Structure formats: structure tokens, C-alpha cells
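Q: Could we go through this structure feature by feature? Please give the general idea where there is one, then the case at hand.

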Amino acid sequence: MTESPSPSPSRLWRPAAQRNLRNQWANLSSYKHKWLTLSSSARSHATSLVNSSLNQRFVNARDLGVLSDLPGIIKKASFKLSKQQELHRSKLLASYRSMVAIVNQMMTIGASMRCFPKGPDNSSMLQFSNSSVDATDAGDGGGVPPFTFWSISSFEKLAEELIQMFTMELNLKRLLVIHFISMSSEDVQHNIELSWMDELYIGEFDDLRKCNLYSIEACTPLLPKVKGRNTDKLKLHTENRLDADVLQVYLTTWLSDVNIDKYRLDEIFTSVGEEMNVTLV
């Protein structure tokens with residue numbers, strides 16, 4: 001009996017590349033939704049933190065009328081508000097940390113859209129990454145479209161554009177987090193003073209490096225930017241006694257996701273879905 005010839009690497013590559021691209025873009029869509037959920041949750045924590053801080057200032061600065069005659073009323077109210085602020089700071093920082101993790105996952109996905117043979121010639125084993133041990137194999141099927149029209153590089157460029165939005169927004173939100181959690185408590189024991197150079201949690205700088213948001217040469221996180229604006233002269237000092245109007249602007253800035261063009265985001269997922277004949281929501 002004559003053995004059937006093994007399928008060629010090119011015949012193996014196309015269906016594998018299709019499966020990989022569908023999976024990776026489905027993952028990007030999932031992480032997009034997780035980001036939006038976390039961002040909304042983080043803003044709620046920041047709002048509660050701001051309100052609690054402003055209420056504490058009010059309690060300590062106002063004549064409480066008849067309540068002033070109750071022993072320790074101001075101290076007890078101030079202590080309770082301080083504990084609330086501790087809780088909101090912790091939850092805000094946890095949300096931020098999760099958002100950093102999401103951008104890291106997005107970066108990994110963006111670098112895993114190519115499909116390479118692995119093992120001996122004609123092997124059915126494949127790996128998905130942005131590099132191969134075989135310098136002659138670009139992992140893109142020689143430029144052949146995995147589906148109908150687009151090459152692998154076309155998918156990569158759109159993923160890069162999408163991920164860049166979230167990366168820039170993450171860095172801007174880091175600045176806002178620093179200001180929010182640095183808001184002073186009337187209880188000196190709980191005062192927190194942070195600068196742009198401080199790690200907000202253990203291992204944060206390693207995480208930011210993976211997101212290309214940390215300069216190894218300068219040993220500092222990259223400055224935040226707003227798309228289309230020059231922010232080289234951004235003032236990074238924190239003021240822990242910001243007034244209510246400024247804090248409201250910070251909360252609005254967080255809500256706006258100024259670096260994420262949601263119309264363009266939807267357009268990217270719609271276009272990719274049409275090319276792959278799937279629905280990405």
C-alpha cells in the first residue's frame with residue numbers, strides 16, 4: 001500500500017492561522033469589555049474617595065450647630081470618613097492594577113498573530129508568536145491572506161492601533177490614580193504622598209515595562225500623553241488639597257477615556273469580524 005503524502009506546510013498553515021486569528025481577536029474583544037468594566041468600577045471608587053475626602057474637610061471646617069455639643073462627634077465622624085477613604089483607595093488601586101494586567105494581555109495577543117511550523121519539516125505542530133527559530137519563515141504564509149483579502153500584517157497593524165489606545169489611556173489614568181490616592185486625610189497618620197516616580201504597587205514598574213510604558217534608560221515611567229497633544233511640559237507634582245471643581249474635572253477626564261476613540265474601536269472590530277466572517281462585539 002502506498003502511503004498518502006503528508007500535507008504541505010502551506011496547507012497546514014492557512015486553517016491554523018485562521019483559528020489563531022479568530023481566537024486572538026475574540027480575546028481582544030473580551031479584554032476590551034473587561035477594561036471598560038474595570039474603568040467604570042475604578043471611577044466609582046475614585047468618586048467615593050473624592051466625596052469622602054471633601055466631606056471630611058467639611059466636617060472639620062464647619063460649625064455643626066447643636067451637634068457640636070455631642071462629645072467626640074467631630075472626631076468620630078472624621079475617623080469614619082478616614083476609614084472609608086482607606087477602603088476606596090485600596091479598591092481604586094486594585095482596579096488600576098487589573099487594568100495594567102489587561103493591557104499586558106493585549107500586548108501579548110498583539111504579538112501572537114503569526115503562525116509558525118514547529119518541529120521537523122512537514123510537521124503538523126504549529127506555534128503562534130511574533131518570531132520563529134527559522135529566520136526564513138515570517139509566519140505570515142508568505143503574505144498569503146489567511147481569509148479573503150488581508151495579510152497577517154494587516155491584522156497586526158489594526159491590533160497595534162487598538163492596543164495603543166488602551167496603552168496611552170492607561171498611562172493617563174495612572175496620573176489620575178496618583179492624584180486620587182494622594183488626597184490628604186485630616187488624620188496625619190493616613191496621609192499619602194506619591195510622585196510619578198513612585199511604584200503604586202509592588203512590581204508595577206515591571207508590568208509597565210511590558211506595556212512599553214517604562215524607560216529603562218531613565219528608570220522612570222514614560223510621561224502620560226493625550227493623543228494629538230504635546231504634553232512634554234506636563235506638571236507631575238501632586239497637590240493633596242485640590243478643590244472640588246478640579247477633582248470633578250479629574251473624574252470627568254477618567255470617564256471620558258480621552259485616548260480611546262470608541263467609534264474607531266468599533267470600526268476596527270467590525271472590519272476584522274467581516275474579514276474573518278465572525279461577529280466581534
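This is a predicted model: local features need pLDDT of at least 70, side-chain atom pairs count only at pLDDT 80 or more; totals for chains, interfaces and linings use all residues.

Q: What pattern of helices and strands does the chain follow along the sequence?

A: The chain contains six helices and four strands. Taken in sequence order, they run α-α-β-β-α-α-β-β-α-α.

Q: How much of the chain counts as buried, and what share of the accessible surface belongs to carbon and sulfur atoms?

A: The chain has 281 residues, and 41% of them count as buried. Its accessible surface is about 15,800 Å², with 53% belonging to carbon and sulfur atoms.

Q: What share of the contacts with a separation of 6 or more comes from residues 24 or more positions apart?

A: In this chain, such pairs account for 77% of the contacts with a separation of 6 or more.

Q: Which residues have the most contacts inside the largest nonpolar core?

A: That core has 61 residues, and the ones with the most contacts inside it are Trp25, Leu28, Leu92, Leu162, Leu170 and Phe180. At least two core residues come from each of α1 (9-61), α2 (73-110), α3 (152-181), α4 (204-210), α5 (244-256) and α6 (262-276). Helix α3 gives the most, with 15 residues.

Q: Which residues does leucine 162 touch, leaving out those up to four places away in sequence?

A: Leucine 162 touches Trp25, Leu28, Leu265, Ile268 and Phe269.

Q: How should I read the salt bridges, and how many does the structure hold?

A: The general idea is that side chains of opposite charge can pair when their charged atoms come close. This structure holds eight salt bridges. One of them joins the side chains of glutamate 156 and arginine 114, at 2.9 Å from N to O. The pair links distant parts of the chain, since glutamate 156 is in helix α3 and arginine 114 is in strand β1 (residues 114-117), 42 residues apart.

Q: Are glutamate 156 and arginine 114 buried or exposed?

A: Both glutamate 156 and arginine 114 are buried.

Q: Where in the chain are lysine 173 and aspartate 257, which also meet in a salt bridge?

A: Their side chains meet at 2.6 Å, N to O. Lysine 173 is in helix α3 and aspartate 257 is in the loop between α5 and α6, so this pair also links distant parts of the chain, 84 residues apart. Both partners are buried, and the relative accessibility of lysine 173 is 0%.

Q: What else does lysine 173 contact, leaving aside its neighbours within four places in sequence?

A: Lysine 173 is in contact with Trp35, Ser39, Met99, Trp254 and Asp257. Its side chain also reaches the backbone oxygen of tryptophan 254 at 3.1 Å.

Q: Which residues are linked with lysine 173 in a network of salt bridges?

A: The network links Glu169, Lys173, Asp257 and Lys262. Within it, aspartate 257 forms a salt bridge with lysine 262, where the closest N and O atoms are 3.9 Å apart. Lysine 262 counts as partly exposed, because its relative accessibility is 42%.

Q: How many disulfides does the structure hold?

A: In general, a disulfide is a covalent bond between the sulfur atoms of two cysteines. This structure holds zero disulfides. As for individual cysteines, cysteine 115 is buried at 0% relative accessibility, and cysteine 211 is buried with a relative accessible area of 1%.

Q: Which residues have a positive phi although they are not glycines?

A: Most residues other than glycine have a negative phi. Cysteine 219 has a positive phi of about 55 degrees. It lies in the loop between β3 (214-215) and β4 and is partly exposed, with a relative accessible area of 49%. Asparagine 277 has a positive phi of about 60 degrees. Asparagine 277 is found in the segment after α6 and is exposed, because its relative accessible area is 70%.

Q: Where is threonine 220 placed, and which residues does it touch?

A: Threonine 220 is in strand β4 (residues 220-221). Not counting residues up to four places away in sequence, threonine 220 touches Trp196, Met197, Tyr214 and Ser215. At 15% relative accessibility, threonine 220 counts as buried.

Technical notes
Residues are numbered from 1 along each chain as its sequence is written. Side-chain values use heavy atoms; hydrogens and water are left out. A disulfide is a pair of cysteine sulfur atoms within 2.5 Å. Buried means under 20% relative accessible area, exposed over 50%, partly exposed in between (1.4 Å probe, protein chains only). Contact means heavy atoms within 4.5 Å. Accessible areas come from the Shrake-Rupley method with a 1.4 Å probe; for residues, only the protein chains shown count as cover. A nonpolar core is a set of buried Ala, Val, Leu, Ile, Met, Phe, Trp, Tyr and Cys residues joined through side-chain atoms within 4.5 Å. A salt bridge is a side-chain nitrogen of Lys or Arg within 4 Å of a carboxyl oxygen of Asp or Glu. A polar contact is a pair of N or O atoms within 3.5 Å; within protein, one must be able to donate a hydrogen and the other to accept it, and residues adjacent in sequence count only if both atoms are side-chain atoms.
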